[in-house]
Amino acid sequence: MFAGASAILVLVMVLLWLAFRRGPAVRKGGPAAEERDERIWIKGLGLAFPLATLAALTAYGLVVGERLLPRPGPDVVTVGAEGRQWAWTFTYADAPGRATGGHPATSPAGRPVDVAITSADVIQSFWVPRLAGKLDAVPGHVNILRIEAWEPGDYAGLGAEFNGPGYAGHRFTVRAHDAAGWEAFLAEETP
Amino acid sequence: MTDILRLALPLTTWLAAFSAVYGLHGLVCSPRWAQAGLGPETGRPVLLLAAGLAIGLQIALLLALRRSRLAAPSPLIRRITTMLAVSALVATVWTLTPVTATTTCH
Amino acid sequence: MTPSPGPLTALRRHRALTRIWASDPGWKGWFTTVNHTDLGRMFIVASMVFFAAGGLLAMLIRAQLASPRSAFMGPETYAQVFTMHGTIMMFLFAIPLIEGIAIYLLPKMLGSRDLAFPRLTAYGFWCYALGGSMLIVSLLLGIAPDSGWFMYPPLSSSAFSPGPNSDFWLLGITFVEISAMAAAVEITVTILRYRAPGMSLARMPVFAWYMLVVAVMILTGFPPLILGSVLLELERAFGLPFFRPEAGGDALLWQHLFWLFGHPEVYIIFLPAAGIISTILPVLSRTTLLGYAWVVAAAIALGVLSFGLWVHHMFTTGIPHMGLAFFSAASTLVAVPTGVQIFAWIGTLWKGEPQLRLPMLWILAFFVTFVIGGLTGVMVAVVPFDWQVHDTHFIVAHLHYVLIGGFVFPMLAALYYWMPHLTGRRRFFRLGETAFWLVTLGFHLTFLAVHWVGLLGQRRRIHTYDGGDGWEVINLIASIGGFVSAIGFALILLDVAVNAAVAVRGPRNPWGAGTLEWAMPMPPAPITSPPCRRSAAATPSMTTPRCPFASLAAKAIWAIPRATGAKR
């Protein structure tokens with residue numbers, strides 16, 4: 001995408017530069033020349049070129065978007081995330097009654113996790129940059145985000161929708177365990 | 001004034017159809033759809049039908065505006081009308097294509 | 001009108017008409033005027049004042065972000081500063097500046113005496129002045145709105161913003177919107193009903209086409225926001241439940257209403273700039289606009305298509321994928337008419353003999369900047385990419401490229417192009433070129449850095465950040481660039497003021513343009529009347545002047561440079 005964008009930018013720059021470089025000698029007036037100019041500039045570069053590029057790009061984006069959708073599967077784990085000013089509370093479908101505060105949310109590694117995101121007060125956004133895109137927490141709605149951590153470890157998470165003075169410090173951590181660690185986490189006594 | 005109408009009609013129809021299909025999509029995905037006794041699998045045919053209707057309407061508009069009885073007297077306005085009617089048709093096809101393939105309610 | 005003694009010569013008639021149409025003399029005239037030339041200038045000057053205020057806030061933001069853990073502003077102050085920066089630039093600078101230019105130019109371009117409803121123009125200006133001053137007063141008192149310029153409830157509702165901050169926004173902006181609606185009614189009626197006889201739609205200047213589209217867009221796009229503001233104010237004042245989920249409302253309703261206005265707004269800002277480029281660029285290339293019909297069609301298509309993309313600001317709110325797909329498709333499609341216009345302009349440059357005058361420099365800056373902004377725009381129209389960069393500084397950089405590149409730079413081209421018309425003087429002091437380089441280089445330095453730090457994950461609207469992520473240097477570069485471009489803008493102001501005050505008188509129509517506004521005395525007289533060989537009506541009336549457009553054509557003054565083969 002970046003390479004394509006750069007190529008288009010360079011094309012436009014070169015065309016502009018040439019417009020000033022060309023001497024006046026080559027220019028001819030008349031309706032035929034006008035017709036030809038319209039065909040090249042408007043129908044060719046203005047219509048056909050963007051239509052083709054954009055059709056490809058849109059289709060690509062939608063295919064990728066389809067792949068990222070949360071679909072039901074056998075080993076999907078569900079974690080609830082409730083945002084509030086300026087903390088997150090996480091609940092676990094596999095360990096009812098268990099809730100952890102903002103540090104850390106826990107999830108298994110190597111298994112897809114559906115995060116059910118909602119908000120207790122204002123609109124928040126749940127974002128773990130290394131695991132998935134962001135999804136908003138809207139009061140009165142529950143949004144499902146599919147994340148999957150390939151490796152055990154800690155992943156930094158952020159609130160990503162301005163929500164008042166404490167916004168800059170609105171962070172959390174997702175701790176991904178291996179299978180044994182996840183079982184141990186679920187088996188822990190509820191404090 | 002009729003010239004303005006000729007220019008505005010096809011694209012305005014696109015906007016109305018586009019919003020209507022988006023609204024219909026909201027309805028299909030709402031709990032009310034199931035309450036009305038319609039299954040989730042009926043959603044896509046209904047949306048496809050709506051998209052088909054919108055495309056048909058655009059083709060009809062394009063053909064009608066090219067008829068000499070309805071076309072604008074000024075050649076320039078006539079040309080612009082045709083361009084806009086074609087772009088409305090393209091916009092309808094382009095923006096409603098997702099009903100054929102993408103996941104409906106996730 | 002008192003009967004004039006003796007034969008009615010052109011000069012005497014002009015004086016008699018001036019007496020009737022001019023504003024009151026002295027300071028009183030500022031408050032009582034209904035003349036479009038004066039009100040247009042007042043709109044332009046007021047919007048410049050707000051631009052300076054918004055720019056000052058931008059400098060505060062860059063000062064805060066220049067270093068990690070900055071103690072310059074606390075989070076509460078910072079929230080007010082960035083909210084007001086966005087609000088001022090969008091509502092109090094961009095829209096009123098467009099209105100001012102249209103109010104000043106349109107009657108002159110269309111060969112009409114004045115706008116259709118002069119008192120409505122004045123009403124619009126004073127609504128704008130009132131709403132704008134309310135917001136500035138709130139800023140000075142330290143109780144300015146602080147929920148971001150799009151004011152998402154519940155953050156902006158009474159439970160989480162109990163102070164009067166949000167009320168200033170909701171009431172002040174509603175006044176400004178009323179002003180925009182008044183101007184839009186005015187512009188629509190004037191373009192459709194008050195053109196000079198003989199100027200059919202097909203012979204209208206291309207700027208008037210653009211403004212017609214913009215005015216209709218304002219009439220369609222602003223009511224949703226007025227509705228939203230009224231609903232939110234009712235909720236805040238009387239506890240009605242529109243946006244509160246626990247009482248059966250929905251917070252997403254605001255987002256739909258806001259962006260149903262907010263996205264067309266971007267094109268309401270861009271289209272007049274495009275209209276100005278379509279007007280200036282052929283003149284400075286000594287040729288006619290390539291593909292007039294295509295450009296008009298592209299402007300209309302852009303105007304309508306822009307109403308079908310509002311949800312792309314809400315890609316991360318959990319809307320089903322098919323819904324997102326509709327708007328992703330529409331968002332990429334809208335790039336096509338933009339592409340048509342860009343290539344029509346480049347084709348025009350190729351067709352003619354472009355001259356590197358100062359307005360042309362600004363147009364070139366527009367090309368570079370706007371194309372980059374458009375390309376990053378196409379990127380964020382792709383849903384998965386947007387899920388990552390949404391609400392980061394990447395978006396901030398994208399929108400500044402589009403708005404500054406697509407609006408401010410063309411407006412500066414317009415400023416330098418129509419300065420001789422406003423003041424009747426020729427530019428003498430050459431500060432403008434220096435200012436051009438300061439602004440453009442400073443701007444690109446700032447926002448290229450902001451793109452970069454956004455991709456590294458810096459969220460927008462954070463008042464501070466910790467060191468150690470590699471952001472410090474990038475932010476410092478961005479801040480330095482910001483101050484350089486601010487110095488450039490100050491220099492432009494100085495350039496304009498000095499040249500308006502002391503430069504020598506210039507010739508009429510210095511650019512050799514073909515539009516009617518140049519066929520009148522400079523600086524403009526209170527009454528706009530195209531040069532007539534004879535006028536049957538000595539009494540001014542609100543109908544179009546009885547001056548046959550054909551006589552103008554005979555003098556080779558054409559409303560639009562059409563493809564007639566006649567090059568000037």
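**Before starting.** A helix in these notes is a DSSP run of H or I with at least four residues, a strand is a run of E with at least two, and both are numbered from the N terminus. I am working with a predicted model.

**Entry: a cis bond in a loop of chain C.** I looked up C:Pro154 and found it in the loop that runs between helix 5 (118-140) and helix 6 (165-193) of chain C. The peptide bond leading from C:Pro153 into C:Pro154 is cis, and I noted an omega near 5°.

**Entry: another loop of chain C.** C:Arg69 sits in the loop between helix 3 (36-65) and helix 4 (75-110) of chain C. Its phi is near 50°, which is positive although the residue is not glycine.

**Entry: a cis bond in chain A.** Where does A:Trp86 lie? I found A:Trp86 in the loop between strand 1 (77-84) and strand 2 (87-92) of chain A. The bond from A:Gln85 to A:Trp86 is cis, with omega near -5°.

**Entry: chain A against chain C.** I began with the contact itself, to which chain A brings 64 residues and chain C brings 71 residues. About 5900 Å² is buried between these two chains, and carbon and sulfur atoms give 74% of that area. On the chain A side, I noted that A:Phe20, A:Trp41 and A:Phe162 lose the most area to chain C, together making up 12% of what that side buries.

How many salt bridges cross from chain A to chain C? I found zero by the rule. Polar contacts are there, though: the rule gives 16 residue pairs across this interface, both partners at pLDDT 80 or more.

Next I asked which elements of chain A face chain C. Helix 1 (2-21), helix 2 (31-67), strand 7 (135-137) and strand 9 (153-159) of chain A each supply at least two residues to the touching side. Helix 2 of chain A has the largest share, with 19 residues. Sorted by class, the chain A side holds 39 nonpolar, 13 polar and 12 charged residues.

**Entry: chain B against chain A.** Here five residues of chain B are in contact with 10 residues of chain A. The buried area is about 620 Å², with 62% from carbon and sulfur atoms. I found one salt bridge across this interface. The partners are B:Arg79 and A:Glu38, whose closest N and O atoms are 3.1 Å apart. The touching side of chain B divides into one nonpolar, three polar and one charged residue.

**Entry: two helices within chain B.** I then compared helix 1 (residues 2-29) with helix 4 (residues 75-96) of chain B: their axes come within 8 Å and cross at roughly 5°. Because angles under 35 degrees count as roughly parallel, helix 1 of chain B is roughly parallel to helix 4 of chain B.

Which residues of helix 1 of chain B meet helix 4 of chain B? I listed several from helix 1, among them B:Leu7, B:Leu11, B:Trp14 and B:Phe18; on helix 4 the residues they meet include B:Ile80, B:Leu84, B:Ala88 and B:Leu96. By class, this helix contact has 13 nonpolar, three polar and two charged residues.

Key: Residues numbered from 1 in each chain as written. Chains lettered and ligands numbered in written order. Predicted model: local features only at pLDDT ≥ 70, side-chain atom pairs only at ≥ 80, totals over all residues. Heavy atoms only, no water. Contact = heavy atoms within 4.5 Å. Buried area = accessible area lost by both parts, 1.4 Å probe. Salt bridge = Lys/Arg side-chain N within 4 Å of Asp/Glu carboxyl O. Polar contact = N/O pair within 3.5 Å; in protein donor to acceptor, adjacent residues only side chain to side chain. Nonpolar A, V, L, I, M, F, W, Y, C, P; charged D, E, K, R; others polar. Axes fitted to C-alpha atoms, helices over the stretch in contact; angles between N-to-C directions. Parallel < 35°, antiparallel > 145°, perpendicular 65-115°, else oblique.
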